[in-house]
Amino acid sequence: MPMDPIPVIDLFAGPGGMSEGFSSLRDENGEPVFRSIMSIEMERTAHATLRLRAFARRLMDADGRLPQDYIDYLGTPSSENLERLKDSHPEEWAAAEAEAIQGTLKEGDDEFVEMAKKRLQGYDGPLVLIGGPPCQAYSLVGRARRTHDKDRLEKDVKQTLYKCYLRFIEVLRPTAFVMENVKGLLSARNYGEGVFGHIRADMEALGYELHSMVVKDPERPHDFIVRADEFGVPQARHRVILFGTRSGCGQGVPGVMTPRPVITVDQVLGEMPRIRSGFSSRVHDKLDWKEYVRKAAEKLMLTPEGSALGPSLEPVMEGKHLPSAQHADGIGAEDRNPLSDWYRGHLAGSGVLPEHVARNHMDSDLDRYLFCAAYAQEHKTCAKLYDFPKYLLPNHKNAEGAVEGKEVVFADRFHVQLSDQPSTTVTSHISKDGHYFIHPDPSQCRSLTVREAARLQTFPDDYFFMGNRTDQYRQVGNAVPPLLAQQMAQVVADWIDEPSVGYYR
């Protein structure tokens, strides 16, 4: 039975959601079960986030709490303050820089494979490889019988990224790997052949067996789909998770994750500080936001569609409890939040809340968000364009048919995250606009903040995302939920025969 942390290598790591889940798992003595020794990410700002988190983990006390100087940085995250923090902890920063690597994995280039081998030199215990390579679907096994496709395959960079992942497996021979991808992987076809079948053949050719995290004896490709909302994640994120084990390890058949109670948007966001949107147009810079929203509610109430939303609109029209600030830096107790300890546990009682800043929106979108949130509050479902008052329809050709009840493409282009359900999948598209991620409270008239989106992805509140706001949203949308990854890590640890204690005991 291993005594030291099991080394983990994370490829295509993004901002580090999967690494965070594995690193957060503890043994019965409170010591980490897994230790990230190398994580690779190509994109600059995601790498900066990955590195900062590796730094934060090294600063945590034995009880998992962050030191005060790091918490102070979260409250005032300037480049100058980061430099001071690095200067105060040079060894920890150097270790984080060694762990988190900004680099591009390329077929035929074994630089990072050799780097990993060097780091593992003299180690002969368990090793775990994690990550989510693009898998549209080049097969090492099938290469010989598809020589006529070689030229086209070689031009597809996504194929070569999958082969990079396979190269790490081939050379390092990890005890186990966990690979994440979108559901489309299961139905994707490449040159008339199923992608999933290629992947399975590749892994078997390298001496590995594929297992599901949720079905003990998977019989169909869909048995490999993990539905995050079934495992205590407040988001309906459905992804393919492949758990591979090296044949001949003698560890038996792995177990599966344990289903958890459903957690809703309201439970994890409902007690966060209420903030308001802003205006994106300079024309409206001097407008009084509260007065604008109050009049928008009055106008909406005069329409047949809006008059049915009175209980939700009347408090807005009366100006009751409309938020004044566009951001909040702190948070108090959250009695209704079952994940409060997960989000706040590293902060040692501090109320600091980074990256909870509302976007600016076009004034017309404020009107639409107000309607959509009120509609969802009253009807417990999201409005389609057919349900909109005519004056709120966007000025797009594909919305014209909504007036006559004709079929409209993207009729749900404005989507509220319903309070009493898990959210829809948080995707990188949240970085482009907030239309599909409208806050459920009509009085706030806005899309979700970076921190709210991060909570739906189960990132702890002290997990700081580097870059500008667009970068931050994109990182959050592309990540693996850490709390889900921790449960995957627990399945891996159990199979390796390392007792572990996660957030969900």
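The protein carries 60 positive and 73 negative side chains, and the centres of these two sets lie 5 Å apart. In this count Lys and Arg are positive and Asp and Glu negative, while His and the chain ends are left out. Each charge is placed at NZ of Lys, CZ of Arg, CG of Asp or CD of Glu.

The model is predicted: local features need pLDDT of at least 70 and side-chain atom pairs count only at pLDDT 80 or more, whereas totals for chains, interfaces and linings use all residues. Residues are numbered from 1 along each chain as its sequence is written, and side-chain values use heavy atoms, with hydrogens and water left out.

**Overall form**

The protein has 18 helices and twelve strands; these are DSSP runs numbered from the N terminus, with helices (H or I) of at least four residues and strands (E) of at least two. The radius of gyration is 24 Å, close to the 23 Å given by the globule rule for 505 residues, so the protein is as compact as a globular protein of that length. That radius is taken over C-alpha atoms, and the rule is 2.2 Å times the number of residues to the power 0.38. Along the principal axes, the C-alpha atoms fill a box of roughly 75 × 55 × 40 Å.

Of the 505 residues, 55% are buried. Here buried means under 20% relative accessible area, exposed means over 50%, and partly exposed lies in between (1.4 Å probe, protein chains only). The accessible surface comes to about 21900 Å², and carbon and sulfur atoms account for 48% of this surface. The areas come from the Shrake-Rupley method with a 1.4 Å probe; for residues, only the protein chains shown count as cover. Among contacts (heavy atoms within 4.5 Å) between residues at least 6 apart in sequence, 75% join residues at least 24 apart.

**Aromatic pairs**

A search of the whole structure finds 19 aromatic pairs. Rings of Phe, Tyr and Trp (its six-membered ring) pair if their centres lie within 6.5 Å; planes under 30 degrees apart count as stacked, over 60 as edge-to-face and the rest as tilted. The ring centres of Phe196 and Phe224 are 5.2 Å apart and the planes stand at 50 degrees, so this pair is tilted. Phe196 belongs to helix H9 (residues 195-205) and Phe224 to the loop between strand E8 (208-211) and strand E9 (225-227), so the pair ties together parts that are 28 residues apart in sequence. Phe196 is buried at a relative accessible area of 6%, and Phe224 is buried at 1%. Elsewhere, ring pairs link Phe55, Tyr70, Tyr73, Trp93 and Phe464 into a cluster.

**Individual residues in helices and loops**

Leu456 is found in helix H16 and is buried, with a relative accessible area of 0%. Not counting residues up to four places away in sequence, Leu456 touches Val233, Pro234, Gln235, Val265, Val268, Leu269, Ser423, Val426 and Leu448.

Gln475 lies in helix H17 (residues 469-478) and is likewise buried, at 3% relative accessible area. Beyond its neighbours up to four places away in sequence, Gln475 touches Pro15, Thr45, Ala46, Thr49, Phe465 and Met466.

Tyr391 is placed in the loop between helix H15 (363-379) and helix H16 (450-456). Tyr391 is partly exposed, with a relative accessible area of 32%. Leaving aside neighbours within four places in sequence, Tyr391 is in contact with Ala296, Lys299, Leu300 and Thr303.

Gly194 lies in strand E7 (residues 193-194) and is partly exposed, at 26% relative accessible area.

The table gives sequence and spatial separations for selected residue pairs.

| Residue pair | Separation in sequence | C-alpha to C-alpha distance |
|---|---|---|
| Gln475 and Glu298 | 177 residues | 38 Å |
| Tyr391 and Thr303 | 88 residues | 9.7 Å |
| Gly194 and Glu43 | 151 residues | 30 Å |
| Leu456 and Ile263 | 193 residues | 9.8 Å |

**Positive phi angles**

His321 has a positive phi of about 60 degrees although it is not a glycine. His321 is found in the loop between helix H13 (310-317) and helix H14 (340-344) and counts as exposed at 67% relative accessibility. Lys380, also not a glycine, has a positive phi of about 60 degrees. Lys380 is found in the loop between H15 and H16 and is exposed, with a relative accessible area of 53%.
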